[in-house]
Structure formats: structure tokens, C-alpha cells
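Student: I have a model open and would like to go through it with you. Can we start with the overall picture and then move to details?

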Amino acid sequence: MLAAFRTSAAHNTLTRTLGTTKAAGSTLGKRYLSATTTTFANDKANSLTLSSTTASSSAASSVASSPPSSASAALQGLGIVGSEPEKRIRRSIFYVPGSDERKLKSSLSLAADCLVYDLEDGVAHNRKNIAREMVFDALEASEHRKAEKAVRINAVGSGLEFDDLNVVLRSSRLQAIVIPKVQSAKDVQFVSQMVDSVAPSITRKNVRIIASIESALGVMNLKEIATSDPRVDALVFAAEDYCADLGLTRTREGVEMLYGRSAIVTAAHAYGLQAIDLVCMDYKNDEILKEECEFGRRMGFLGKQAVHPRQLEIIQRCFLPTEHEIARAADISEGYQEHSKRGVGAFNYNGKVIDLPVVKWAEKILSRARQGGVVIPNPEERQKILQAGPTAATSSSTSVSVNTPGSKNDSTGTSA
């Protein structure tokens, strides 16, 4: 049945609908790249249009797991703050080679936030066809569990991407497409048009696009890529390809990649997207993984890529706010609400001035905690947490422990 997807008739039909003419290109330009507005899609497929002159001062918002606080609602009304713009939490993105039947089956028991079935680097060239069929079957057999189901296709322009999309997009279980080696808006727009043409009508509106930035040109075109299509939901930093493109030498400290990583984080947050950090290639070294996670989170990344099941627990835990951060954020949020009722703007909290930018930080912390399934502690619990200090809260009970069956298996997933 899958072989029929790749007939010349299907190719011709899709070619007619992909907007490859200049007229279609002009339409896309007007739709996605307006000089005065940028459109983002939220989780309910509604769009929020922001004036380019005010884009930096407001963001799309959506809170999962529990309703936003009154402080959050008030700030949203002022147009100065929003919680994370997407309900799909992606603390961990785990790559599974699409041609390995055993790993495809075992991946469904993992507690990663996003499972990415890989058709690119993790599959030998002579296994591409069978991998497409195996990935399609894996998608169809998967249950609607917590993990997001995504597929990393081959790069646009590789000559393999059309067949990849023409097969996997027909699955009603597919939730996202990871596009590797994205260098321009055209790469993203091609994939989005394929989604419109091939994906089932009842599910196509829910298919997101995750753009992987792997080159100097990709970094230079970040704004163009981030605003290319409403389906774009996240930007991923692919360290190995980036270093190869620039001729960089990888170090443990990663100072050689700071510009690229910072640029991706900045672009992602500027346009309401998630920023996903690099793979830790030392998959057996927990110390290095923790260092990378903590540093990436401080930089502003919201998640990290993984290639081995044993990495998931640390990554899932590190990319949640700490118990101390949550307690402090909840105090600040409630304090803002109470003072606002009295007409007071800035207020004192433990000897420090709290104004709107700090409240904005607090609401984002609380939103991420809720998205991760963390229950916000009550005032008495918060007092104990804050008295214990931030160090004690690092290994807090609110940190989500991830069950990773098969973590004793020493076989890795796919390098990104």
C-alpha cells in the first residue's frame, strides 16, 4: 500500500498543489512574511497577530495542566506578559532510528516528552525505503500516550524529502515534523504545503514543524525561518553539523558555540517558539549531562535533545523549575495580585523591589511548572522550601522523575 504513495500520479498531483510557481511564491510571501505583522499559531489553531513594533513587548500565551493565576491574567490584559506559547512541553526530544525495529518498539515505553522517529542521519541510504514503512507502521501502532510523535525527514533538497513526507504525513498519529538543515523560509514552507496536501484533513491542523538549525546560514536567517509559517513551533540547535559547517573544534565548555546557541534562544523567544538545546554526546557521563542541562537552561533553552534512554531522567528533571524557584515565583505572583488590588505597582519582597519584569519571570516559571505536571505548593509549604534555600530544593520532590525502561541497554539512538 505504501508503495502506491510514491507513484508518478501522486507526485504530479502534489506538484500542482505545492505552490511552486512564482504566483504561489508571491502568495506565500504575503501570507507569511508581511513586513508589518508576524502571525503565530497557538495550540487551539487560533492566531495572534502582533504589530512588528510591539512584538518584543507581548507574547502568545497558553497554560497547560492548570488555569493561569489572577496575576497572569492581569498581566496578559496589560499585554506585557504571557506564559509559554505552546502546550506541548518538550523538555526532552528523543531520537529513534527509523530502520531499527527493536528500538522503534521499545521507544513507546519511554517517558520522553517528544519521540522523533529518524529518517535522516540514523538511517543508511540503502535502508531509507524500508525505514519509511517501518516509521509509518510505528506511528499507526502507537497509542495516544503523553509523548509527542514526530518524524525527522531528510533535508529539503536532498531528493529524499518528498518520499519521506508522502509516506509519514498520511499517518493520523503524526504530530510534528522535524526538518533538518533548515537554511531559509522556503525549506519550512515546502514542508507546510506538503502537510496541507497530504496529511488527513482531520489532523493536519495539529501537525507542528520543528526547525533544526545546523549551519552558519541557518543562524543568519533565523528571523526568516522563525516567521516563515504558523506551524513552526520550535527551533533546535544541532551542534555537530553546526561545528562541522563552521570548522569549529568541540570543547566540553562549548564556548565555540555560544553565539549560535544564543542566537537561536533569542530568536525563539522573540517569536514565541521553543528553543531546544544540543545533544550531549557523552551519553554515559551524567556529570557532563547535568552541566550541559543546567547551562542550557540558564541560557534560555526549554529542552534538550537525547540519544540514549539513560539521559532522559536527568534532562526531564533539569528542564523543570526547581522547587525554590517555584516557591519564590508563587509568592511573587500572589504578592503582585494582592498589591494590584490596592493600586500598588512595585512592592517589596524580602528586601527586594518587585516590579512587572520580575512578575513576568514568575509567571513563566509557574507556567513551565504546570506544564510539567508540578503542583504549586501552598503558602506554608513555600515558606519551608524558601527557608531551606535553593541548594536543598535542587533535589526537590516536585522534580518529575522519569521512568526510562531499557536504560540499561547500551545502544544509543540517533546523533543530532
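Student: What share of the 416 residues in the protein chain is buried?

Tutor: Buried residues make up 52% of the 416. Buried means under 20% relative accessible area, exposed means over 50%, and partly exposed is in between, with a 1.4 Å probe and protein chains only. This is a predicted model, where local features need pLDDT of at least 70 and side-chain atom pairs count only at pLDDT 80 or more, while totals for chains, interfaces and linings use all residues. Residues are numbered from 1 along each chain as its sequence is written, and side-chain values use heavy atoms, with hydrogens and water left out.

Student: How many helices and strands does the protein chain have?

Tutor: The chain has 17 helices and twelve strands. Both are DSSP runs numbered from the N terminus: helices are H or I with at least four residues, strands are E with at least two.

Student: Which strands close into a barrel, and in what order?

Tutor: Eight strands do, in the order E3-E4-E5-E6-E7-E8-E9-E10, and the pairing is parallel. Two strands pair if DSSP finds at least two bridges between them. Neighbouring strands of this sheet are turned against each other by 25 degrees on average, direction ignored. Axes here are lines fitted to C-alpha atoms, for helices over the stretch in contact, and angles between N-to-C directions run from 0 to 180 degrees.

Student: Where do E3 and E10 come together, and which residue is the bridge partner of Ser92?

Tutor: Strand E3 (residues 92-97) runs parallel to E10 and is joined to E10 by three bridges. The partner of Ser92 in E10 is Lys304. On the E9 side, E9 and E10 pair in the parallel sense over two bridges, and Lys304 is also the bridge partner of Asp277.

Student: Are the residues on the faces of E10 buried or exposed?

Tutor: They are buried on both faces, with Gly303 and Gln305 on one side and Lys304 and Ala306 on the other.

Student: What about E5 and E6, how many bridges there?

Tutor: Strand E5 (residues 148-152) and strand E6 (residues 176-179) pair in the parallel sense over three bridges. Arg152 has Val178 as its bridge partner in E6.

Student: Which strands does H11 touch?

Tutor: H11 packs on the sheet and touches strand E7 (208-213), strand E8 (232-237) and E9, its direction making about 170 degrees with that of E8. Contact means heavy atoms within 4.5 Å.

Student: Switching to charges. How many salt bridges does the structure hold?

Tutor: There are 23. A salt bridge is a side-chain nitrogen of Lys or Arg within 4 Å of a carboxyl oxygen of Asp or Glu.

Student: Which residue does Arg261 pair with?

Tutor: Arg261 forms a salt bridge with Asp277, with the closest N and O atoms 2.6 Å apart. Arg261 sits in helix H11 and Asp277 in strand E9 (residues 274-277), so the pair links distant parts of the chain, 16 residues apart. Arg261 counts as buried at 4% relative accessibility, and Asp277 is buried at 0%.

Student: And what is the relative accessibility of Arg252?

Tutor: Arg252 is at 46%, which counts as partly exposed. Arg252 meets Glu287 in a salt bridge of 3.7 Å, N to O. Arg252 lies in the loop between helix H10 (239-246) and helix H11 (258-270) and Glu287 in helix H12 (residues 286-299), so the pair ties together parts that are 35 residues apart in sequence. Glu287 is exposed, with a relative accessible area of 51%.

Student: Now helix packing. At what angle do H6 and H7 pack?

Tutor: Helix H6 (residues 161-168) and helix H7 (residues 185-198) pack at about 35 degrees, with their axes 10 Å apart. The contact is made by Glu161, Phe162, Leu165 and Asn166 of H6 and by Phe190, Val191, Met194 and Val198 of H7.

Student: Last one: is Val168 buried or exposed?

Tutor: Val168 counts as buried, at 0% relative accessibility. Val168 lies in helix H6. Leaving out residues up to four places away in sequence, Val168 touches Leu119, Val135, Leu139, Val151, Leu174 and Ile177. Val168 and Val151 are 17 residues apart in sequence and 7.7 Å apart in space, C-alpha to C-alpha.
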